[in-house]
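Visitor: I have a structure to look through. Could you walk me through it by question and answer?

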Amino acid sequence: MQQYFEVRWHGRGGQGAKTAALLFGEAAMETGKYIQAFPEYGPERTGAPVKAYNRLSDGPIRIHTQVTDPDVVVVLDASLLESINVTEGLKKGGAILVNTQEKAEVIKKKLGVTDAKVAVVDATKIAVEILKRNVPNTVMLGAMVKVTGALEWDSALASIEAKLSEKFRGRKEIIEGNVKAIKKAYDEVEVA
Amino acid sequence: MKTVAKTGNEAMAYAMKQINPDVVAAYPITPATEVVQIFSNYVADGEVDTEFVAVESEHSALSACVGASIAGGRVMTSTSSQGLALMHEILYIAAGNRLPIVIALVNRSLSAPINIHCDHSDTMGSREAGWMHLYCANSQEAYDSLIIALKTAEATAVPAIVSTDAFILSHAMERLEVLEYSDVQNFIGEYKPRFSALDLENPKTYGPLDLQDYFFEHKRAQIDDFSKVLDAYDKAAKDYAELSGRYYPAVEEYKTEGAEVAIFAAGSTADTAKEVVDDLREQGRKVGLVRMRMWRPLPVEQIKATLGKFKAVAVMDRSDTMADFGGPVFLETRGMLYDSEEKPLITDYVYGLGGRNIELTDIARVYDDIEQVANTGKIEKLITYLGVRGEK
């Protein structure tokens with residue numbers, strides 16, 4: 001069977017879980033991968049728990065099913081740890097990355113994870129500091145790339161920057177701010 | 001050719017941009033809204049020459065398309081589910097007037113209960129309207145198919161529906177290759193309608209009353225012309241393969257060589273099933289897959305020749321006929337094979353209604369079942385509702 005690298009993003013409506021999945025997918029494609037990026041659609045309400053997914057492979061991807069056993073889980077909002085089983089289906093030897101102020105060890109204990117990597121970064125703080133808004137999604141991409149090692153850093157960063165430039169057409173401070181924040185998350189992510 | 005990342009909706013909108021139709025009249029509906037929205041951005045940004053007609057309903061959308069097509073324009077629209085249902089009466093009018101309109105459609109269940117997710121009830125309910133219909137398995141195919149369908153439609157004066165699975169394809173970003181604008185334009189060529197209401201030198205009457213005296217002859221001629229679509233499609237698909245390197249037969253066979261049993265399925269599920277076939281083949285099991293890409297007109301001879309080889313076939317239907325006899329693909333498949341000397345035992349699996357997820361394990365179970373049918377020569381259960389609570 002073909003090998004897939006699968007990611008599940010947890011966020012709350014409005015935090016940009018879907019956008020993060022799309023950006024990550026496009027960045028992965030720039031490094032030569034075949035990709036899928038898709039949200040789980042339900043009633044969309046700001047603040048309600050949402051999920052989005054990535055599937056990466058070196059060859060064409062034919063399966064069009066939900067991701068049930070992700071290699072990596074990314075949690076954009078730590079309050080979700082209280083209400084959702086974010087480690088559900090997480091593969092042995094995989095990784096879970098949480099946006100939180102807590103230490104990685106604390107989150108590891110809280111989640112009861114023993115056979116996967118647990119990583120934390122305070123993406124909210126970075127976002128508020130640099131972007132002046134609580135938008136942790138792009139910030140988390142930096143930590144994500146570092147923790148998983150799934151993508152080559154330079155080309156991933158270049159791709160994300162290009163996509164942001166397209167989206168924010170010339171609004172330099174937003175594009176540069178995002179890149180700075182992504183780099184900071186890359187540097188500050190802590191693994192247990 | 002360049003590699004891009006696009007959702008099914010983005011891929012279809014991009015194909016429409018490169019087709020650059022004269023007129024698009026559309027009304028947005030989930031999950032096809034983005035096709036209309038993205039295309040209207042192209043219009044607003046001056047990236048296409050299209051006259052975009054914002055209408056108040058899908059009935060009006062297709063009516064405006066009919067008018068524009070009678071006037072001699074190259075015309076497209078996009079819809080889904082209830083939208084197609086509201087277009088229903090105009091579907092027949094477009095086909096009967098031989099207007100090669102193309103719909104970029106997203107397959108979604110019909111209410112009630114209300115649901116925005118995938119099944120094939122919408123298009124299956126319009127299967128007798130006289131439209132060519134292609135089911136796509138991924139975003140790449142959605143992009144390619146709109147271009148091939150437009151070429152086929154205009155060559156035969158038969159309208160066409162190209163569809164993707166709601167959310168599974170429409171909202172999933174995938175990697176695909178797109179052609180250059182000039183390549184698409186050269187491939188589809190200039191549209192030369194046989195008749196045009198704007199041709200003042202040759203005035204004609206369009207859509208007149210046609211009663212007992214000639215209606216039947218005109219319908220017979222329409223049916224006859226419909227039968228020519230398959231050849232025109234084959235030619236367009238082969239020409240397109242030369243241009244793109246991607247060939248899409250009306251009926252696709254996957255690892256059917258030496259297979260004793262096969263699944264007959266359409267849409268994204270058929271793509272997913274290929275993975276299961278690979279897996280089971282590695283275990284030495286004689287399984288294959290036949291994908292129904294073209295559903296109208298029915299590629300009867302191809303389907304008969306292909307499915308006739310197996311001991312057992314499982315049809316996968318993403319809709320039901322409410323005939324208490326399974327899904328439409330099942331009924332028609334059994335009908336096609338009735339006169340064949342060699343024919344498989346055929347069972348039906350109605351699945352995925354309202355977007356119910358179908359897993360690799362569900363598909364593997366279907367293969368388990370039909371291997372047993374092939375081995376015993378007996379059908380234990382003719383119609384199975386797969387993945388629904390309370391049923392095995």
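Guide: Here follow some questions and answers on this predicted model.

Visitor: Which domains does the assignment give for chain B, and how far apart are their C-alpha centres?
Guide: The domain assignment of chain B gives domain 1 as 2–243 and domain 2 as 251–386. Between the C-alpha centres of these two domains of chain B the distance is 28 Å.

Visitor: How much area do the two domains of chain B bury between them?
Guide: Take the contacts to begin with. In chain B, 28 residues of domain 1 touch 24 residues of domain 2. Carbon and sulfur atoms account for 56% of the area buried between domain 1 and domain 2 of chain B, and the total is about 2100 Å².

Visitor: How many salt bridges are counted between domain 1 and domain 2 of chain B?
Guide: Opposite charges on side chains can pair when the charged atoms come close. Between domain 1 and domain 2 of chain B, the count is three salt bridges.

Visitor: Which residue forms a salt bridge with B:Glu332?
Guide: The cut-off for a salt bridge is 4 Å between nitrogen and carboxyl oxygen. Here the closest N and O atoms are 3.3 Å apart, and the partner of B:Glu332 is B:Arg127.

Visitor: Which residues of chain B lose the most area to chain A?
Guide: The contact involves 24 residues of chain A and 29 residues of chain B. About 2200 Å² is buried between the chains, with 55% from carbon and sulfur atoms. On the chain B side, 34% of the buried area comes from three residues together: B:Met173, B:Arg175 and B:Glu275.

Visitor: What residue of chain A forms a salt bridge with B:Glu275?
Guide: The interface of chain B and chain A has two salt bridges. In the one with B:Glu275, the closest N and O atoms lie 3.2 Å apart, and the chain A residue is A:Arg62.

Visitor: Are helices H6 and H7 of chain B roughly parallel or roughly antiparallel?
Guide: The axes of H6 (residues 139–156) and H7 (residues 181–188) of chain B come within 9 Å and cross at roughly 30°. Angles under 35 degrees count as roughly parallel. Therefore H6(B) and H7(B) are roughly parallel.

Visitor: How many charged residues are in the contact of H6(B) with H7(B)?
Guide: H6(B) brings B:Tyr143, B:Ile147, B:Ile148, B:Leu150 and B:Lys151, while H7(B) brings B:Val184, B:Phe187 and B:Ile188. In this contact of H6(B) with H7(B), seven residues are nonpolar, none is polar, and the number charged is one.

Visitor: How many residues apart in sequence are the parts that B:Arg246 and B:Asp144 tie together?
Guide: B:Arg246 and B:Asp144 form a salt bridge, with closest N and O atoms 2.7 Å apart. B:Arg246 sits in the loop between helix H9 and strand S9 of chain B and B:Asp144 in helix H6 of chain B, so the parts tied together are separated in sequence by 102 residues.

Visitor: Which residues does B:Phe195 touch, leaving out those up to four places away in sequence?
Guide: B:Phe195 lies in the loop between H7 and helix H8 of chain B. Its C-alpha atom is 7.6 Å from that of B:Ile70, although 125 residues separate the two along the chain. The residues that B:Phe195 touches are B:Ile70, B:Lys204 and B:Tyr206.

Visitor: What is omega for the cis peptide bond of B:Ala112 and B:Pro113?
Guide: Most peptide bonds are trans. B:Pro113 lies in the loop between strand S5 and helix H5 of chain B. For the cis bond joining B:Ala112 and B:Pro113, omega is about -5°.

Definitions and conventions: Residues are numbered from 1 along each chain as its sequence is written. Chains are lettered from A and ligands numbered from 1 in the order in which they are written. This is a predicted model: local features need pLDDT of at least 70, side-chain atom pairs count only at pLDDT 80 or more; totals for chains, interfaces and linings use all residues. Side-chain values use heavy atoms; hydrogens and water are left out. Axes are lines fitted to C-alpha atoms, for helices over the stretch in contact, and angles run from 0 to 180 degrees between N-to-C directions. Helices (H or I, at least four residues) and strands (E, at least two) are DSSP runs, numbered from the N terminus. Angles under 35 degrees count as roughly parallel, over 145 as roughly antiparallel, 65 to 115 as roughly perpendicular and the rest as oblique. Contact means heavy atoms within 4.5 Å. Ala, Val, Leu, Ile, Met, Phe, Trp, Tyr, Cys and Pro count as nonpolar, Asp, Glu, Lys and Arg as charged, and the others, Gly among them, as polar. Domain bounds come from an automatic or database domain assignment. Buried area is the accessible area (1.4 Å probe) that two parts lose on being put together, summed over both. A salt bridge is a side-chain nitrogen of Lys or Arg within 4 Å of a carboxyl oxygen of Asp or Glu.
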